[in-house]
Amino acid sequence: VVLCTNTMHRVAPAVERAVSIPLLHIADATAAAVKAAGVGTVGLLGTRFTMEQGFYVDRLRARHGLEVVVPAEADRAEVHRVIYEELCFGRVLAGSRAAYEGVVGRLAARGARGVILGCTEIAMLVDPARLPVPAFDTATLHARAAADLALS
C-alpha cells in the first residue's frame with residue numbers, strides 16, 4: 001500500500017492495522033535517501049500537520065535516528081499557507097519561491113544539512129540548485145521506492 005501524500009500518513013498506523021500487505025511509509029523511503037547521502041540533521045518543510053504533529057518527525061527520529069529541525073512558527077505558517085493557497089491550485093509564485101529559500105537558509109543556519117520537501121507539491125516551487133543544502137523530494141523518493149519494491 002502506498003499513500004501518495006505526506007500529510008495523510010497521519011493515518012498510516014490505522015491503514016497498517018486494516019490491511020494484510022505492507023505499507024510503504026513515505027518517511028521511511030525519505031529517511032533512507034537522507035541517510036544514504038550522509039545527512040544526520042535534516043530540515044522539514046510540509047503542511048503544518050506534517051511539521052508539527054509527531055507522525056512524521058517522531059518516525060524520522062525514532063526509527064531512523066535523524067535529527068529533525070522544523071521552521072520557526074512564522075516560517076511554518078508561511079510554508080503551510082503557500083501549500084494550501086498556491087501550490088494546491090498550481091500557482092507557483094516567485095515571491096513564494098524566495099520565501100521558501102529563506103526558510104531553508106534559516107534551517108541550515110540552525111544546523112540542518114539537508115531539507116526534506118515533505119509535501120508532494122513543494123517540488124513545483126523549490127529549485128534544489130538554489131538551496132544551501134541538499135533537498136530530498138519525498139514524492140520522487142517514495143515513487144522510486146514503490147517501483148523498486150514492486151519490481152523486487
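Helix 2 (residues 26-36) and helix 7 (residues 138-151) of this predicted model have axes that come within 9 Å and cross at roughly 100°. The two helices are therefore roughly perpendicular to each other, a term covering angles of 65 to 115 degrees. Axes are lines fitted to C-alpha atoms, for helices over the stretch in contact, with angles running from 0 to 180 degrees between N-to-C directions; helices (H or I, at least four residues) and strands (E, at least two) are DSSP runs numbered from the N terminus. Ile26, Ala29, Thr30 and Ala33 of helix 2 meet Thr138, Leu141, His142 and Ala145 of helix 7, where contact denotes heavy atoms within 4.5 Å. By class, this contact comprises five nonpolar, three polar and no charged residues. Residues are numbered from 1 along each chain as its sequence is written. In this predicted model, local features need pLDDT of at least 70 and side-chain atom pairs count only at pLDDT 80 or more, whereas totals for chains, interfaces and linings use all residues, and side-chain values use heavy atoms, with hydrogens and water left out.

Helix 2 also lies across strand 1, strand 3 and strand 4, running at about 150° to strand 4. An open sheet of four strands has the order 2-1-3-4 with parallel pairing, two strands being paired if DSSP finds at least two bridges between them. Strand 2 (67-69) and strand 4 (135-137) are the edge strands, each pairing on one side only. Neighbouring strands of the sheet are turned by 30° against each other on average, direction ignored. Strand 1 (residues 41-45) pairs with strand 3 in the parallel sense over three bridges, and Leu44 has Ile116 of strand 3 as its bridge partner.

The largest nonpolar core has 21 residues, of which Leu45, Tyr100, Val115 and Ile122 touch the most other members. Such a core is a set of buried Ala, Val, Leu, Ile, Met, Phe, Trp, Tyr and Cys residues joined through side-chain atoms within 4.5 Å, with buried meaning under 20% relative accessible area (1.4 Å probe, protein chains only). Helix 5 (73-85), helix 6 (94-109) and strand 3 (115-117) each supply at least two residues of this core, and the largest share, five residues, comes from helix 6. Apart from it lies another core, of 17 residues, including Ala27, Val39, Val57 and Leu66.

Gly118 lies in the loop between strand 3 and strand 4 and counts as buried at 0% relative accessibility. Leaving aside neighbours within four places in sequence, Gly118 is in contact with Asn6, Leu44, Leu45, Gly46, Thr50 and Thr138.

How values were computed:
Buried means under 20% relative accessible area, exposed over 50%, partly exposed in between (1.4 Å probe, protein chains only). Angles under 35 degrees count as roughly parallel, over 145 as roughly antiparallel, 65 to 115 as roughly perpendicular and the rest as oblique. Ala, Val, Leu, Ile, Met, Phe, Trp, Tyr, Cys and Pro count as nonpolar, Asp, Glu, Lys and Arg as charged, and the others, Gly among them, as polar.
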